[in-house]
Amino acid sequence: MSKVIIIGAGGVGTVVAHKCAQNPGVFTEIVLASRTKSKCDAIADAIGASNITTDCVDADSVEELVALFRRHKPDLVINVALPYQDLTIMDACLECGVNYLDTANYEPKDEAHFEYSWQWAYRERFEKAGLTAILGCGFDPGVSGVFTAYAAKHYFSEMEYLDIVDCNAGDHGKAFATNFNPEINIREITQNGRYYEEGKWVVTKPLEIHAPLNYPNIGPRDSYLLYHEELESLVINFPTIKRARFWMTFGQEYLTHLRVIQNIGMARIDEVEYNGTKIIPLQFLKAVLPNPQDLGENYHGETSIGCRISGKDKEGKDLTYYIYNNCSHEAAYKETGMQAVSYTTGVPAMAGAMMFLTGKWVKPGVHNVEEFDPDPFLEVIAAQGLPWHEVFNGDLEVDKI
């Protein structure tokens, strides 16, 4: 018997609830909770499983979270709420003796900055409490870290160069929309880029470095160097890495809209006064942009996300290796009612929870996903809708940039 609470009823939370309900042998009881209970009720009704119940919680409030956990007594909390709420949820977990899993690291509301230091500071407290906290168990971060761990375990004696590549080749028919929470998405891509090389972090201007990269079944797409949080943990956990970078595709129409949003001040995260009311422009923009949950019905095409790694194989010979997944927007929508970006985050979150509940990923403390055995996790995501593929000694064109 195992019981989980899923906090968050957005696109990812919807997918996590669907996938947990598909595996009742592991997830015997599921509670879906968010600030708006009616959203949770609609998701539960759409799934139609007898083992799902719903509740209401303000995840900014430790007090409300503690009351929720004491009411339901879960074995594990799956946090797919906002990154601002990671620490309040972790605090409540410690107070109630509940294990923890999330898909994105903490960032403060008043600063477009994210790193693991805030959550890594909880290591000793979780360890002393005998509780496991699993960080970054989406796709990137998440599967990207597990892919890297799998490569290290099976193929490499030394990984030297790592490029995580993320392409969304889908078309939702909207002039401008973000594929996950607009506030988080725009904050992420408008800050400085950063990559790791020879023991140092190199800072770049936002979207300054870009190049066309080839993606399986998609072809060449202009890809931009960003900072992404999994780089921070991967270069620590795999110290032979000499360079680590993250790339994401953006279309020119998207970037044009983004420049206009920035130029007119709508990407600001500080308060402004309008008609006697204080508002944050980016939060107002979020309210008028299309809801990412509503994009799936008319979304066509696919995503392609993977790791391109080069270094020395187990015998000390040169090796290049590419491990990746392509996910169809149409197939994701048919199964869960959500598009592929939500699907590729929600399936790994469920799989990580399954790893914990079945005893495969249990380690008191606060840990990133690459610190656990990658094999059973990758077996689960392949069976649950995210099959992955490998290319050995192919042309990893990013190495030439």
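Over the ring of which residue does the charged end of Arg194 sit? In this predicted model, local features require pLDDT of at least 70 and side-chain atom pairs count only at pLDDT 80 or more, whereas totals for chains, interfaces and linings use all residues. Residues are numbered from 1 along each chain as its sequence is written, and side-chain values use heavy atoms, with hydrogens and water left out.

The charged end of Arg194 is placed over the ring of Trp201, 4.8 Å from its centre; a charge sits over a ring if NZ of Lys or CZ of Arg is within 6 Å of the ring centre and within 35 degrees of the ring normal. Arg308 likewise lies over the face of Tyr322, at 4.4 Å from the ring centre.

Rings of Phe, Tyr and Trp (its six-membered ring) are paired if their centres lie within 6.5 Å, with planes under 30 degrees apart counted as stacked, over 60 as edge-to-face and the rest as tilted. By this rule there are 16 aromatic pairs. Tyr116 and Trp120 are stacked, at 5.4 Å centre to centre with 20 degrees between the planes. Trp201 and Tyr227 form an edge-to-face pair, at 5.8 Å and 85 degrees. This pair links distant parts of the chain, 26 residues apart: Trp201 lies in strand β9 (residues 200-204) and Tyr227 in the loop between β11 (219-226) and α9 (230-237). Helices (H or I, at least four residues) and strands (E, at least two) are DSSP runs, numbered from the N terminus.

Tyr227 is buried at 5% relative accessibility, while Trp201 is partly exposed at 30%; buried means under 20% relative accessible area, exposed over 50% and partly exposed in between (1.4 Å probe, protein chains only).
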